[in-house]
Amino acid sequence: MVGRVFKDPQEKTFEDFERGDVMVTRGRTIDIGDLTLFAGLTGDHYPLHTDEEFSKQTPFETRIAHGPLPFTIAVGLGGVSGFHGGAI
């Protein structure tokens, strides 16, 4: 007896997606390594992202992620989930 078969990536085309579809991915913690790598990649070394002592004096009281960083991580999580299949 053969059980269910799961393919990676899923066999999907653009037409398989509908407005309102929701994708749930595994969790991902953003840490200082991510902030440092993203600063190096983008050249944005603003102290709010890279300097803990500077950031303690701000309303955030700690370093914060660059604005586009969570979006880029979300794109990566979507890519490795197989959700898009062969549609992209």
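A salt bridge is a side-chain nitrogen of Lys or Arg within 4 Å of a carboxyl oxygen of Asp or Glu. In this predicted model, glutamate 53 and lysine 56 meet that description, their closest N and O atoms being 3.3 Å apart. The chain has four helices and zero strands, and along the sequence its pattern reads α-α-α-α. Of the 88 residues in the chain, 19% are buried. Among contacts between residues at least 6 apart in sequence, 60% join residues at least 24 apart.

**Salt bridges**

- The structure holds three salt bridges.
- An α-helix has 3.6 residues a turn, so residues three or four places apart point the same way.
- Glutamate 53 is exposed because its relative accessible area of 52% falls in the class over 50%. Lysine 56, at 41% relative accessibility, counts as partly exposed.
- Arginine 63 and glutamate 52 join through their side chains in another salt bridge, at 3.1 Å from N to O. This pair links distant parts of the chain, with arginine 63 in the loop between helix 3 (52–56) and helix 4, glutamate 52 in helix 3, and eleven residues separating them.
- Both members of that pair are partly exposed: arginine 63 has 26% relative accessibility, and glutamate 52 has a relative accessible area of 21%.
- Arginine 28 forms a salt bridge with aspartate 34, with 2.9 Å between the closest N and O atoms.

- The largest nonpolar core has five residues in all, namely Leu35, Phe38, Leu69, Ile73 and Leu77. Helix 1 and helix 4 each supply at least two residues of this core, and helix 4 gives the most, with three residues.
- Helix 4 covers residues 69–81 and has 13 residues. From its first C-alpha to its last, helix 4 reaches 18 Å, close to the 18 Å expected at 1.5 Å a residue.
- The residues Leu69, Ile73, Leu77 and Gly78 are buried in helix 4. The buried residues of helix 4 pack against helix 1 (32–42).
- Leucine 35, a member of the core, touches Ile30, His49, Arg63, Ile64, Ala65, His66 and Leu69, when residues up to four places away in sequence are not counted.

**Histidine 49**

- Histidine 49 is placed in helix 2 (residues 47–50) and counts as buried at 9% relative accessibility.
- A polar atom of the histidine 49 side chain lies 2.9 Å from the backbone oxygen of isoleucine 64.
- Leaving aside neighbours within four places in sequence, histidine 49 is in contact with Leu35, Asp44, Arg63, Ile64, Ala65 and His66. Arg63 in this list is the arginine that meets glutamate 52 in a salt bridge.

**Aromatic pair**

- The count of aromatic pairs comes to one. The ring centres of tyrosine 46 and phenylalanine 54 are 6.1 Å apart and the ring planes stand at 80°, so the pair is edge-to-face. The cut-off behind this assignment is an angle over 60 degrees.
- Tyrosine 46 is partly exposed at 45% relative accessibility, and phenylalanine 54 is partly exposed with a relative accessible area of 34%.

**Glycine 82**

- Glycine 82 is in the segment after helix 4, and just after that helix it takes a positive phi of about 80°.
- With a relative accessible area of 5%, glycine 82 is buried.
- Glycine 82 and threonine 25 are 57 residues apart in sequence, while their C-alpha atoms are 9.8 Å apart in space.

Notes:
Residues numbered from 1 in each chain as written. Predicted model: local features only at pLDDT ≥ 70, side-chain atom pairs only at ≥ 80, totals over all residues. Heavy atoms only, no water. Phe/Tyr/Trp six-rings, centres within 6.5 Å; stacked < 30°, edge-to-face > 60°. Buried < 20%, exposed > 50% of the residue type's maximum accessible area, 1.4 Å probe, protein only. Expected span 1.5 Å × (residues − 1). Contact = heavy atoms within 4.5 Å. Core = buried A, V, L, I, M, F, W, Y, C linked by side-chain atoms within 4.5 Å. Polar contact = N/O pair within 3.5 Å; in protein donor to acceptor, adjacent residues only side chain to side chain.
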